[in-house]
Amino acid sequence: MVQNIRDMDELKALLKSAENKLVVIEFSAKWCGPCKRMYPLFHEMSVQYRNVMFASVDVDNARELAQIYHIKAIPTFQMFKQAQKVTLFSRMKRTICCYRSGSLSEPYLADDGNE
């Protein structure tokens, strides 16, 4: 199950309740095409991986969180363990990673004005 986070208090409560579990937070927006395509997969993962906590932050409704966590592109995924950020993964980094690994024959950067 994916928990919707609206503000810093809710995020702090989620991270505290996670204890030693990994927490994956998706920063997205309702109008974002790639976010809409990622939504079913992210929710499916939340059902499949019960030992991981999943949360979603709508950057339009939680601008303060988007600013605090330096969200520059969406969707962006940040992971936390024991309330500490352990990594982040954005569309740009995913594209570079896939290109370098040979999954893409050439770099693909969507021209949607968000990167």
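Student: Starting with strand 2, how many of its residues are buried?
Tutor: In this predicted model, strand 2, which covers residues 22–28, has 6 of its 7 residues buried, and it is therefore mostly covered.

Student: And which way does strand 3 run against it, parallel or antiparallel?
Tutor: Strand 3, residues 52–58, pairs with strand 2 in the parallel sense, and the pairing extends over 7 bridges. Within that pairing, Ser 28 stands opposite Asp 58 of strand 3.

Student: What about strand 4, how many bridges join it to strand 2?
Tutor: Strand 4, residues 76–81, is joined to strand 2 by 6 bridges, and the two run antiparallel. Here Phe 27 stands opposite Thr 76 in strand 4.

Student: OK, switching to helix 2. How far does it reach, end to end?
Tutor: Helix 2 has 16 residues and spans 24 Å from its first C-alpha to its last, which is close to the 22 Å expected at 1.5 Å a residue.

Student: Where does helix 2 kink?
Tutor: The kink, of about 35°, is at Tyr 39, shortly before the proline Pro 40.

Student: Which residues of helix 2 are buried?
Tutor: The buried ones are Pro 34, Cys 35, Met 38, Phe 42 and Ser 46. As background for reading that list, an α-helix has 3.6 residues a turn, so residues three or four places apart point the same way.

Student: Why does Phe 42 count as buried?
Tutor: Phe 42 has a relative accessibility of 2%, and because the cut-off for buried is under 20%, it falls in that class.

Student: How far apart are Phe 42 and Ser 56?
Tutor: Their C-alpha atoms are 9.4 Å apart in space, while in sequence Phe 42 and Ser 56 are separated by 14 residues.

Student: New topic, then: what volume does the largest pocket have, and which residues are closest to its centre?
Tutor: The largest pocket has a volume of about 330 Å³. Its lining comprises 17 residues, and those closest to the centre are Asn 4, Ser 28, Lys 30, Ser 56 and Asp 58.

Student: Which elements give two or more residues to that lining?
Tutor: Those elements are strand 1, residues 2–5, together with strand 2, helix 2 and strand 3. Helix 2 gives the most to the lining, with 4 residues.

Definitions and conventions:
Residues are numbered from 1 along each chain as its sequence is written. This is a predicted model: local features need pLDDT of at least 70, side-chain atom pairs count only at pLDDT 80 or more; totals for chains, interfaces and linings use all residues. Side-chain values use heavy atoms; hydrogens and water are left out. Buried means under 20% relative accessible area, exposed over 50%, partly exposed in between (1.4 Å probe, protein chains only). Two strands pair if DSSP finds at least two bridges between them. The expected span of a helix is 1.5 Å times one less than its number of residues. The bend at a residue is the angle between axes fitted to the seven residues ending there and the seven starting there. On a 1 Å grid over the protein atoms alone, a cavity is a set of points where a 1.4 Å probe fits but cannot get out, and a pocket is an open set with protein on both sides within 12 Å along at least five of seven lines; lining residues have an atom within 4 Å of a point. Grid points are joined across faces, edges and corners, and a volume is the space filled by probe spheres set on the points.
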